[in-house]
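Hi,

Here is the structure I promised to pass on to you. Have a look at it first, and then read my notes below.

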Amino acid sequence: MFKSFLIKYAEIGIKGRNRYLFEDALVGNIRLMLDALEGKFRVYKTSGRIYVDVESDFDYEETVACLKRVFGIAGICPVLQVEDNGFEELTREVLEYLDKVYPDKNKTFKVQARRARKNYPIDSMEINRKLGGAILEAFPEIKVDVHAPDILLNVEIREMINIYSIIIPGPGGMPVGTAGSAMLLLSGGIDSPVAGYMISKRGVRIDAVYFHAPPYTSERAKQKVVDLAAKVAAYTGPINLKVVNFTDIQLYIYEKCPHDELTIIMRRYMMRIAEHFAKEQGCLGLITGESIGQVASQTMKSLAATNEVCTMPVYRPLIAFDKQDIVDIALRIDTYETSILPYEDCCTIFVAKHPVTKPNLNIIKKSETRLEEKITGLVDEAIRTAENIEIIPG
């Protein structure tokens with residue numbers, strides 16, 4: 001029945017004179033996501049509204065699922081668009097709509113008309129009254145409830161007349177790309193994919209870096225991260241994933257530094273390398289999945305020691321989340337089952353038995369001086385040999 005969708009947004013509506021920039025970005029992102037589907041779609045905006053028109057055969061459920069992954073969309077309304085052929089014809093269209101969409105008529109309803117086209121000969125209150133009367137006459141089992149109706153029937157009088165009553169929640173947030181870009185440190189765990197999702201929801205386009213440690217981590221561990229990146233890309237759009245061979249750096253740190261400081265020092269070198277790629281790709285910050293106190297490397301002092309090597313901002317969208325909060329989001333965005341696959345990443349392979357939880361920055365820096373002989377060359381080699389994988393949603 002439905003060949004059009006009315007796209008509702010929320011925060012974009014308060015952007016004032018810049019609103020058109022966010023609307024244009026949202027239209028572009030919708031087009032990009034729908035390009036992966038079978039079917040031909042026309043996405044456009046007019047008079048403060050964004051529409052998706054279907055111009056070929058399509059899968060309704062698949063299309064709705066796709067739109068539910070586009071940040072910036074607050075609501076997806078399957079809409080019946082009809083031409084203005086007089087009020088009698090509008091009444092017939094409304095009754096036919098209700099009959100098809102609601103086979104069970106034992107419901108309450110309210111008509112909510114909006115007359116954006118002020119030259120329409122009947123005002124909004126009169127439209128509400130006349131359509132309401134026609135509905136009651138056609139379907140005696142339906143009752144009026146103006147406070148909490150089962151069916152809120154929207155009738156918008158525009159160039160075309162919109163009839164809709166279903167609003168499917170979208171993901172909210174802001175269109176990806178409207179807030180710049182950042183580099184995600186992506187591991188095979190639960191947290192970092194959720195962090196990437198959360199920061200993208202605020203309009204940030206993301207790329208990612210993964211630290212691989214063969215032969216201590218397997219190709220399956222690497223594929224797990226690629227699969228996680230693809231699941232995140234279903235929401236964020238394309239992601240450039242850098243795969244960094246971190247083995248030699250880790251072994252050198254393991255050989256030269258106190259073992260209770262291993263995790264902190266390794267994290268500091270990960271941040272240095274991630275920042276290199278972030279600057280190279282024009283990013284405005286780094287993103288991690290850290291949450292205060294979750295593990296030894298995520299105490300306040302540990303995070304401060306890690307941050308000290310960075311010259312750009314580090315964004316931690318999960319910083320105050322409980323683990324269950326993070327798991328709930330991972331389940332919702334379909335990354336959880338992949339994250340718990342038993343293929344360990346480099347952070348878990350080289351973890352110390354008794355890691356320091358309150359690192360002294362001066363001591364950490366002194367320990368790093370033991371690496372001076374080779375570390376610069378090892379870092380340069382890791383950067384030079386990094387593999388680039390383009391992750392395309394679809």
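This is a predicted model: local features need pLDDT of at least 70, side-chain atom pairs count only at pLDDT 80 or more; totals for chains, interfaces and linings use all residues.

Let me start with charge on the surface. E38, D59, E61 and E62 come together there as a patch of negative charge. To find D59, look in the loop that lies between β3 (49-54) and α2 (60-67). D59 has a relative accessibility of 39%, so it counts as partly exposed, since that class lies between the 20% and 50% cut-offs.

V146 sits in the loop between β6 (143-144) and β7 (151-157). Its relative accessible area is 46%, which makes V146 partly exposed.

Now for a residue in a helix. R268 belongs to α8, which covers residues 262-280. Is R268 buried or exposed? With a relative accessible area of 1%, it is buried. The side chain of R268 makes a polar contact of 3.1 Å with the side chain of E308.

P342 is found between α11 (336-339) and α12 (346-349). P342 is exposed, because its relative accessible area is 68% and the class begins over 50%. Along the chain, P342 and G188 are 154 residues apart, and their C-alpha atoms are separated by 9.6 Å.

Happy to go through any of this with you.

Best wishes

Notes:
Residues are numbered from 1 along each chain as its sequence is written. Side-chain values use heavy atoms; hydrogens and water are left out. Patches are made of residues with over 30% relative accessible area and no salt bridge: like charges are joined within 9 Å, nonpolar side chains (Val, Leu, Ile, Met, Phe, Trp, Tyr) within 5 Å. Accessible areas come from the Shrake-Rupley method with a 1.4 Å probe; for residues, only the protein chains shown count as cover. A salt bridge is a side-chain nitrogen of Lys or Arg within 4 Å of a carboxyl oxygen of Asp or Glu. Lys and Arg count as positive and Asp and Glu as negative; His and the chain ends are not counted. The place of a charge is taken as NZ of Lys, CZ of Arg, CG of Asp or CD of Glu. Helices (H or I, at least four residues) and strands (E, at least two) are DSSP runs, numbered from the N terminus. Buried means under 20% relative accessible area, exposed over 50%, partly exposed in between (1.4 Å probe, protein chains only). A polar contact is a pair of N or O atoms within 3.5 Å; within protein, one must be able to donate a hydrogen and the other to accept it, and residues adjacent in sequence count only if both atoms are side-chain atoms.
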